[in-house]
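This report describes the architecture of a protein model, taking the chains in turn and then the contact between them. The sequence and structure are shown below.

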Amino acid sequence: MSGLVALEDCIMQKDMPITVGSKILDGFVSPVNATIVNRLMDSGYEIAGKTAMDEFCVPSFFDESGEALDAIQVVSEGRAQYALSNDVFGKYRKQAAENGCCYIRPTYGTVSRFGLVQSVSSMDQIGVVCKNLSDGFALLSKIAGRDSKDGAMFSEENYSYAASVKDIRVGVPKSLSDFGLAENFRTVDIELEYFDVYRQVMYILCCAELGNNISRYDGIKFGYRAPDFRGINDLYTKTRSEGFGANVKLAAIMGAMVLSQDWYTPYYEKAMKIRRLIKESLRFDDYDVIAMPCQISENPYENLSLFAPAALAGLPSVSFPHNGKGIQLIANVKREDLLLSAWEVCK
Amino acid sequence: MKYETVMGLEVHVELATETKLFCSCSAKFGADANENVCPACCGMPGTPPVTNKKAVELALAAALVTNSKITPVMTFDKKNYFYPDLPSGCQITQLFAPICRDGWVEIETSEGRRKITLAQIHIEEDAGKLVHDNRIGASLVDFNRTSVPLVEIVSNPDFRTAEEVVAYLEKLRVLLSFAGVSDCKMQEGSMRCDVNISVREKGSSELGTRTEIKNMNSLKAIASAIAFESGRQINALETGSEALVQETRRWDDNIGETFSMREKEGVADYRYFPNPEIMPIEIDDAWISYVRENLPEPAHDKFIRLTEKLGLSDYDSNIIIGSKNLADIFDGTLKHFDNPKEVVNWIIVELLSIAKGDNKGEDDIKIDCRKFAKIMELVDNKTINRAVAKKLLLLVWKDGIDPEQYVEENQLGMVNDTGLIEKTIKDVLVEQASSVEQYKAGNTKLFNFLVGQVMKKLAGKADPKAINELLAKHLE
């Protein structure tokens with residue numbers, strides 16, 4: 001295996017600076033190699049460098065800038081064959097398909113997160129930007145598999161991904177767009193229960209976990225520290241006020257709110273319950289994969305609903321261009337083979 | 001008395017693991033500042049927690065010896081607060097599904113036996129330590145203790161007297177140390193206790209306003225703090241001198257009073273939530289049986305063995321099982337010298353007094369059991385006498401000498417040569433002619449003086465029994 005691999009700046013390379021797109025990690029140097037970095041190098045891939053990112057993976061949910069993410073540009077322009085990133089909110093899936101690339105978000109818990117800076121722990125998942133899915137899955141097979149340094153993984157040591165299934169049943173949510181998939185697949189009309197609250201549930205849980213994960217950045221031990229402060233509380237306040245950007249601050253404030261005594265039950269706990277219902281509702285009984293568009297609105301928050309199910313239920317998903325539009329396919333846990341098979345047909 | 005005191009205890013016990021709860025750093029006490037740290041326990045990003053299975057098993061052992069109901073699927077949660085000794089801004093603990101609930105511990109006081117019921121036991125990680133350095137005008141933080149595994153044992157408000165509290169803590173110490181859960185040393189902080197205390201009129205079923213007392217590091221301090229605090233609360237109720245508020249109070253052992261630790265910011269909201277980085281842990285029957293079968297002999301069983309099988313007195317046995325360390329020394333020595341009575345005597349009479357001279361408690365005694373047993377063996381086979389043996393024990397204690405080798409090198413072997421002893425006795429009788437006369441005149445006390453003189457000439461190495469017999473014969 002060979003090829004240049006760009007790393008999103010949330011993946012650690014020992015002795016290299018890492019920013020996660022934030023001033024708060026100013027001057028911080030990675031103390032370790034991410035497990036996947038070691039695995040890539042052991043497999044003959046070369047690290048091309050780091051790509052810029054939204055601070056702690058959090059995009060603006062109010063407006064989307066025209067410019068593509070660094071990792072997408074790097075691959076679409078051919079400066080690297082692959083880019084690895086943590087696509088929590090779906091921006092990579094969307095932009096890859098819009099820019100002639102593919103994106104693989106594998107099953108949650110199959111790729112080690114040792115050396116990945118945490119954003120939303122229950123949804124953080126390293127994925128691959130690539131030119132075609134067969135090469136992307138070939139790379140993934142080299143980095144996926146259990147790691148004793150990540151306590152929240154499946155037990156399989158290795159995964160191999162092969163397109164094996166011929167007759168794939170595609171579930172197409174009625175209310176969403178039509179891709180003309182009926183030409184190549186048996187399509188099934190499905191209804192996504194709870195679709196209207198996907199984004200709210202996801203946003204509440206993401207804010208809670210992100211707010212907690214960034215508590216460690218307090219100016220005491222590493223990273224940015226505000227230059228002038230009086231006493232410990234002032235040190236915390238100034239460091240964090242100056243160190244975080246607006247999107248992250250908003251998320252952290254929302255996170256503190258939904259976990260606070262008064263709001264835990266109506267927000268966080270309710271969102272957790274609905275998350276479980278969403279998982280249970282995606283049964284993959286009379287369909288093998290779900291097909292979704294990558295865009296239904298100009299509003300990024302509305303589009304979050306499209307990317308929420310894979311993140312909330314830990315499901316594998318891929319995106320790629322199809323008939324001039326971006327398409328996203330989602331399969332059941334550890335059924336990446338169905339996604340690869342479906343892509344082969346579409347190709 | 002018109003009032004009664006109602007107390008509940010929160011006891012933190014450090015688990016006796018080699019490594020920390022979520023990383024592989026050493027959990028040993030007493031290292032240099034920030035020696036036992038890694039990116040994970042320093043709160044650096046990118047290092048997810050990996051749960052220490054041994055810690056869970058020790059906590060399971062704690063659950064078993066406290067008769068608790070074990071949770072089939074336990075989870076870890078996060079508790080959020082900012083403090084410099086907490087590097088990740090949150091503590092990993094258990095709120096929603098702790099390892100066990102509803103246990104009980106039987107205590108014995110002057111009022112008899114009673115059960116103290118436990119609300120729950122949960123596993124959590126310790127925080128680091130702040131050191132305030134006045135010379136440089138700053139606070140320093142040591143992360144060695146960060147993420148060291150603890151269990152917090154939460155009792156119901158079952159206690160009415162300080163005696164009950166002390167008996168309970170003693171009982172917990174014995175149960176947990178014998179189960180290998182922890183060494184339970186209050187001075188080193190591996191066992192800590194917070195007391196929730198309120199007073200109410202006797203007969204009332206309502207609970208009064210409670211305070212939580214912290215910072216007591218001995219049983220004595222706990223008893224004094226309870227006495228002070230209940231007195232303060234009763235006084236407040238009777239005289240109205242101050243309004244009681246629910247608060248945390250710090251015990252000052254030097255002044256002998258509790259002081260309010262009132263924080264400006266009001267009631268803390270810890271924003272607990274399930275830890276998304278740690279999968280729920282299933283505790284099945286097979287795992288529980290495995291832990292149960294591997295539990296070391298409990299103190300009570302040991303007591304039965306010592307008294308019934310080995311024929312030791314209740315008094316001696318109680319001293320031995322009063323400390324896991326002493327019990328281990330007893331069993332370790334017995335393995336090499338199979339005379340329980342003798343081993344117990346050596347421990348209680350000699351070893352404990354040597355340790356006391358060095359200001360060491362039962363739990364801090366360290367002795368090589370093989371060497372300790374060897375000394376007893378040397379006495380038993382009449383190689384040395386008891387006085388020499390005591391000196392040897394002191395040398396083993398201080399310098400770790402090898403008793404057998406030392407006896408040989410310093411020719412401390414007992415003088416068994418009857419001819420030599422008799423010759424020495426004759427010399428002494430001549431030298432001490434006046435004492436001999438007085439003895440014969442009826443001053444029998446002088447017999448021991450004469451024995452001493454003989455022993456002195458023989459450099460303390462003779463068998464005192466032989467001298468006694470021979471001297472008596474010569475004085476007839």
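Among contacts in chain B between residues at least 6 apart in sequence, what percentage join residues at least 24 apart? In this predicted model, the figure is 69%.

**Overall dimensions**

The secondary structure of chain B consists of 15 helices and 17 strands. The radius of gyration of chain B is 29 Å, well over the 23 Å that the globule rule gives for 476 residues, so chain B is more spread out than a compact globule. Chain A contains 10 helices and 10 strands. For its 347 residues a compact globule would have a radius of gyration near 20 Å, and the value for chain A, 20 Å, agrees with this. In chain A, 71% of the contacts with a separation of 6 or more are between residues 24 or more positions apart.

| Property | Chain A | Chain B |
|---|---|---|
| C-alpha extent along principal axes | about 70 × 50 × 40 Å | roughly 90 × 60 × 55 Å |
| Buried residues | 54% of 347 residues | 39% of 476 residues |

**Domains of chain B**

Chain B is divided into domain 1 (3–285), domain 2 (297–409) and domain 3 (418–475). The C-alpha centres of domain 2 of chain B and domain 3 of chain B are 32 Å apart. Contact between these two domains involves four residues of domain 2 of chain B and five residues of domain 3 of chain B. On the domain 2 side, the touching residues comprise two nonpolar, one polar and one charged.

**Helix H7 of chain B**

Helix H7 of chain B covers residues 324–336. At 1.5 Å a residue, its 13 residues should span 18 Å, and the end C-alpha atoms lie 19 Å apart, which agrees. The buried residues in H7(B) are Lys324(B), Leu326(B), Ala327(B), Ile329(B), Phe330(B) and Thr333(B). Their cover includes five helices of chain B: H2 (162–178), H5 (299–309), H6 (314–321), H8 (340–357) and H9 (369–380).

**Helix H3 of chain A**

Helix H3 of chain A, residues 91–98, is mostly covered, with seven of its eight residues buried. Those buried residues are Lys91(A), Tyr92(A), Arg93(A), Lys94(A), Gln95(A), Ala96(A) and Ala97(A). After H3(A) comes Gly100(A), which has a positive phi near 70 degrees.

**Nonpolar core and chain contact**

In soluble globular proteins, nonpolar side chains tend to be buried together. The largest nonpolar core here has 229 residues, of which Val129(A), Val289(A), Ala59(B) and Ala62(B) touch the most other members. Leaving aside residues up to four places away in sequence, Val289(A) touches Ile168(A), Val170(A), Gly171(A), Leu329(A), Ile330(A), Ala331(A), Leu338(A), Leu339(A) and Ala342(A).

How many residues of chain B are in contact with chain A? There are 26 residues on the chain B side, in contact with 33 residues of chain A. By class, the chain B side of this contact has 15 nonpolar, seven polar and four charged residues.

Terms used. Residues numbered from 1 in each chain as written. Chains lettered and ligands numbered in written order. Predicted model: local features only at pLDDT ≥ 70, side-chain atom pairs only at ≥ 80, totals over all residues. Core = buried A, V, L, I, M, F, W, Y, C linked by C-beta atoms within 7 Å. Buried ≥ 20, exposed ≤ 12 C-beta atoms within 10 Å, placed from the backbone. Contact = placed C-beta atoms within 7 Å. Helix = DSSP H or I, 4+ residues; strand = E, 2+ residues; numbered from the N terminus. Rg over C-alpha atoms; globule rule 2.2 N^0.38 Å. Domains from an automatic or database assignment. Nonpolar A, V, L, I, M, F, W, Y, C, P; charged D, E, K, R; others polar. Expected span 1.5 Å × (residues − 1).
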